[in-house]
Amino acid sequence: MQNHPIRFKALADSIMINLLEEIGIKTNIETGPWISGGTARRLWFGEKWTNADIDLFFHDEASFSLASSNLYLYSMAHGSELPHITKNAVTYKFQYKEQELKIQCINKKYHRDILDVWESFDYTVCCFALADNILMASQSALDDCTAKILRLIPNSSRGVDGRRVTKYGIYGFKPTRQILEELCKQHDDKNLTQDWDANDDYT
């Protein structure tokens with residue numbers, strides 16, 4: 001990851017700009033919070049993003065608590081249901097300009113910078129971010145999005161998840177040989193103690 005430069009471009013999406021201002025979430029390129037992942041990728045390429053999860057990542061507990069508090073007040077004022085809380089994130093759903101939005105404040109881990117966020121991901125095509133109304137992308141993310149290749153981040157601690165491979169396949173991304181080999185290995189390991197089922201939907 002460190003071998004690839006970060007590319008920047010100004011955010012042109014007025015809906016996202018207004019949303020963050022109205023909620024009171026102040027992002028910062030250096031210290032976060034950062035919107036990162038699929039929504040940032042969609043914003044970079046000018047695609048529809050309001051039907052995707054907005055994932056917020058944080059530098060420390062204080063910034064997480066501030067954003068969560070602002071989101072709670074905003075969502076309750078707009079007739080939202082109570083947030084869904086897990087050990088990894090607090091999730092808010094609410095209506096905004098006739099769209100149902102879903103924002104996840106992720107506190108599974110706090111991050112020193114955006115590179116640290118990206119290094120916690122599984123695939124290069126996730127390495128997009130937004131802060132200070134500036135979009136960021138790793139060069140490898142841009143290259144693999146252009147080529148429609150699903151590639152593991154080198155030395156990622158996350159394993160290959162077949163459901164996510166399928167998800168990105170629907171988006172048009174073709175997994176690398178490394179990913180396919182890992183999926184085959186997972187399948188073989190799973191079936192060491194069970195017979196092959198001819199009705200399994202494998203193609």
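Which residue forms a salt bridge with Asp144?

Everything here comes from a predicted model, where local features need pLDDT of at least 70 and side-chain atom pairs count only at pLDDT 80 or more, while totals for chains, interfaces and linings use all residues. Residues are numbered from 1 along each chain as its sequence is written, and side-chain values use heavy atoms, with hydrogens and water left out.

Now, back to Asp144. Its salt-bridge partner is Arg151, with the closest N and O atoms 3.0 Å apart. By salt bridge I mean a side-chain nitrogen of Lys or Arg within 4 Å of a carboxyl oxygen of Asp or Glu. Asp144 is buried, at a relative accessible area of 5%, whereas Arg151 is partly exposed at 34%. For those words, buried is under 20% relative accessible area, exposed is over 50%, and partly exposed is in between, using a 1.4 Å probe on protein chains only.

Asp144 sits in helix α5, residues 139-147, where the buried residues are Gln139, Ser140, Ala141, Leu142, Asp144 and Cys145. Helices are DSSP runs of H or I with at least four residues, strands are runs of E with at least two, and both are numbered from the N terminus. The cover over the buried residues of α5 includes β1 (6-10), α2 (38-44), β7, β8 (134-138) and β9. Just after α5, Lys148 has a positive phi of about 55°.

Arg151 turns up again with Thr176. Beyond its neighbours within four places in sequence, Thr176 is in contact (heavy atoms within 4.5 Å) with Ile149, Leu150 and Arg151. Thr176 belongs to the loop between β10 (174-175) and α7 (177-190), and at 14% relative accessibility it is buried.

How many salt bridges does a search of the whole structure find? The search gives ten. One of them pairs Arg158 with Asp122, at 3.5 Å from N to O. Arg158 is in the loop between β9 (149-150) and α6 (162-170), and Asp122 in the loop between α4 (114-119) and β7 (128-131), so this pair ties together parts that are 36 residues apart in sequence. Asp122 is buried at 1% relative accessibility, while Arg158 is partly exposed at 36%.

Arg158 also brings us to the largest pocket. Among its 29 lining residues, those nearest the centre are Asp55, Phe57, Ile106, Phe121 and Arg158. A pocket here is an open set of points on a 1 Å grid over the protein atoms alone, where a 1.4 Å probe fits, with protein on both sides within 12 Å along at least five of seven lines; lining residues have an atom within 4 Å of a point. The space in this pocket is about 830 Å³, taken as the space filled by probe spheres set on the points, which are joined across faces, edges and corners. Helix α2 gives the most to the lining, with four residues.

Finally, the cysteines. The structure holds zero disulfides, a disulfide being a pair of cysteine sulfur atoms within 2.5 Å. For Cys145, the closest cysteine sulfur is in Cys126, 8.7 Å away, too far for a bond. Cys145 is buried, at 8% relative accessible area. Cys105 is buried as well, at 0%.

Thanks, everyone, and I'm happy to talk it over!
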